[in-house]
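Hi,

Here is the structure I promised to pass on.

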Amino acid sequence: MYRNLVMGKRQLKFNSRTIHGGQAPDEAYGAVMPPIYQTSTYAQSTPGGHKGYEYSRSANPTRTALENSLASIENGNYGLAFGSGLAAIDAVIKLLSPGDEVISTSDLYGGSYRIFKKIFEKFGIVFHFVGMQDTEEIAKHISAKTKLIWLETPTNPMMNIIDIMSVSLLARKHKILLAVDNTFATPYLQLPLDLGADIVMHSATKYLGGHSDVVLGALVVKDKELAEQLYFIQNASGAVCGPMDSFLVLRGIKTLHVRMQRHCENGRAVAEYLANHPKIEKVFWPGFIDHPNHEVAKSQMKDFGGMISFVPKGGNFQDAIKIVEKLELFTLAESLGGVESLAGHPASMTHASIPKEEREKSGVVDALIRLSVGIEDKEDLIEDLRQAIE
Ligand SMILES: Cc1ncc(COP(=O)(O)O)c(C=O)c1O
């Protein structure tokens, strides 16, 4: 368990914790940023005589600095960093045994769906994909074998909002673990552990890293026993991140709060522009008062983020392709959460691994475009959309 800096009698507030949470100057020379400890192993004076580090799969000081920062910003006690978001998800599912059941939101990142269906189903773990906007729907799928509820909110790419506190009460009643993928919201907007979740997961590749220069995953928990099980899996399975990547994400986290503030501001401007555009049929953004579960979003999130999906009028696949091809400032690319604006076509890119029938049930139609609104000037972003849509 990491130790956090305290000011007077209270914990630092969120913005200060992005910079200082779980951090201390390096013991060797007082370096303010942790050195990139590019080493696989550590000298021992006698067998077991080491300074807390033996081998970098088990632990590395730069990774420890990041793991402490992650725990601090998510209001948890223990952080774990992995080689990718999917490696972090892999570690969570390895808590389970054959025959165990998982209830997952039906509208989720395609790669999460793929690891559940194509990797873990063959080891005898059963997955139920359920629309979770109404907690009652989840209750219908709970059995004595249910061990984990997996949710994303806002969901990728439909921006559906799931009530974390309501699901956590249900999970607690049935002694089921609740894991929340907090990649889209980040702890700047929402704190799942405070709302009753047991595990927070991140693709830190996205907003936490924030600069599209690293792939990394994270888990944060409060409970010591759960942390120990996950640390065991992290070391035993070995999907850890390297020190350079740990350093990059740690550096990214230090500006998370300022970047997120601008992502939210630009996200609102772009969402409103699209919603008023005569050639746009539907815009999905949780900040709209008529967005399903907007009231839940308002209560569990501090703002509404910079992720937006939309469908051009008529829902024509070719029109959507034309728009993404014409964009100049928005780059057509996989991923999200970096300082630069990106556009994606979920049906053929991020969600291509979900069968068409399944993805269309949750609204991921062929004409859907997803935007990750960056932190450029919003006037430039709107001008780019204007010229691409006309
Ligand atoms: C919501 C969400 N969860 C998990 C992942 C997987 O993370 P990674 O690509 O870092 O493995 C992604 C990647 O796009 C994502 O968007």
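Below are my notes on helices, backbone geometry, cavities and a pocket.

First, the ground rules. This is a predicted model, so to speak of local features I need pLDDT of at least 70, side-chain atom pairs count only at pLDDT 80 or more, and totals for chains, interfaces and linings use all residues. Residues are numbered from 1 along each chain as its sequence is written, and side-chain values use heavy atoms, with hydrogens and water left out.

**Two helices**

Helices (H or I, at least four residues) and strands (E, at least two) are DSSP runs, numbered from the N terminus. Helix H2 covers residues 61–73, which is 13 residues. From first C-alpha to last, H2 reaches 19 Å, close to the expected 18 Å; the expected span is 1.5 Å times one less than the number of residues. How much of H2 is buried? Eleven of the 13 residues are, so H2 is largely enclosed by the rest of the structure. Here, buried means under 20% relative accessible area, exposed means over 50%, and partly exposed is in between (1.4 Å probe, protein chains only). Among the buried residues of H2 are Arg63 and Glu67, along with Leu66, Leu70 and Ile73.

Both ends of H2 are worth a look. At its start, a side-chain oxygen of Asn60 comes to within 2.9 Å of the backbone nitrogen of Thr62. After H2 comes Asn75, with a positive phi near 55°.

Helix H10 (residues 256–275) has 20 residues and reaches 28 Å between its first and last C-alpha, close to the 28 Å expected. The buried residues of H10 include His257, Arg259, His263, Cys264 and Asn266.

**Backbone geometry**

Two cis peptide bonds can be found in one loop. One joins Thr153 and Pro154, with omega about -5°, and Pro154 is in the loop between strand S6 (146–152) and helix H6 (164–173). Another joins Asn156 and Pro157, with omega about 10°; Pro157 is also placed in the loop between S6 and H6.

Positive phi turns up in loops too. Lys175 is not a glycine, yet its phi is positive at about 55°. Lys175 sits in the loop between H6 and strand S7 (177–181) and is exposed, with a relative accessible area of 76%. Asn293 has a positive phi near 65° and belongs to the loop between strand S10 (280–284) and helix H11 (294–300). Asn293 is partly exposed, at 25% relative accessible area.

**Cavities**

How many cavities of 30 Å³ or more does a search of the whole structure find? There are two. On a 1 Å grid over the protein atoms alone, a cavity is a set of points where a 1.4 Å probe fits but cannot get out, while a pocket is an open set with protein on both sides within 12 Å along at least five of seven lines; lining residues have an atom within 4 Å of a point. Grid points are joined across faces, edges and corners, and a volume is the space filled by probe spheres set on the points.

The largest cavity holds about 40 Å³. Its lining includes Pro154, from the cis bond with Thr153, as well as Met159, Phe184, Met301 and Phe304. That lining has nine nonpolar residues, two polar and no charged. Ala, Val, Leu, Ile, Met, Phe, Trp, Tyr, Cys and Pro count as nonpolar, Asp, Glu, Lys and Arg as charged, and the others, Gly among them, as polar.

The second largest cavity has a volume of about 30 Å³. Among the residues lining it are Phe82, Asp90, Lys94 and Gln234. H3 and helix H8 (224–237) are the elements that give two or more residues to this lining, which has five nonpolar, three polar and two charged residues.

Asp90 lies in helix H3 and is buried, with a relative accessible area of 16%. Leaving aside neighbours within four places in sequence, Asp90 is in contact (heavy atoms within 4.5 Å) with Ile115 and Phe120.

Of its 28 lining residues, Leu86, Tyr109, Gly111, Ser203 and Lys206 are the closest to the centre. Helix H3 (85–93), helix H4 (110–120) and strand S8 (199–203) each give two or more residues to the lining, and H4 gives the most, with four. By class, the lining has ten nonpolar, twelve polar and six charged residues.

Happy browsing!

Note on methods: A polar contact is a pair of N or O atoms within 3.5 Å; within protein, one must be able to donate a hydrogen and the other to accept it, and residues adjacent in sequence count only if both atoms are side-chain atoms.
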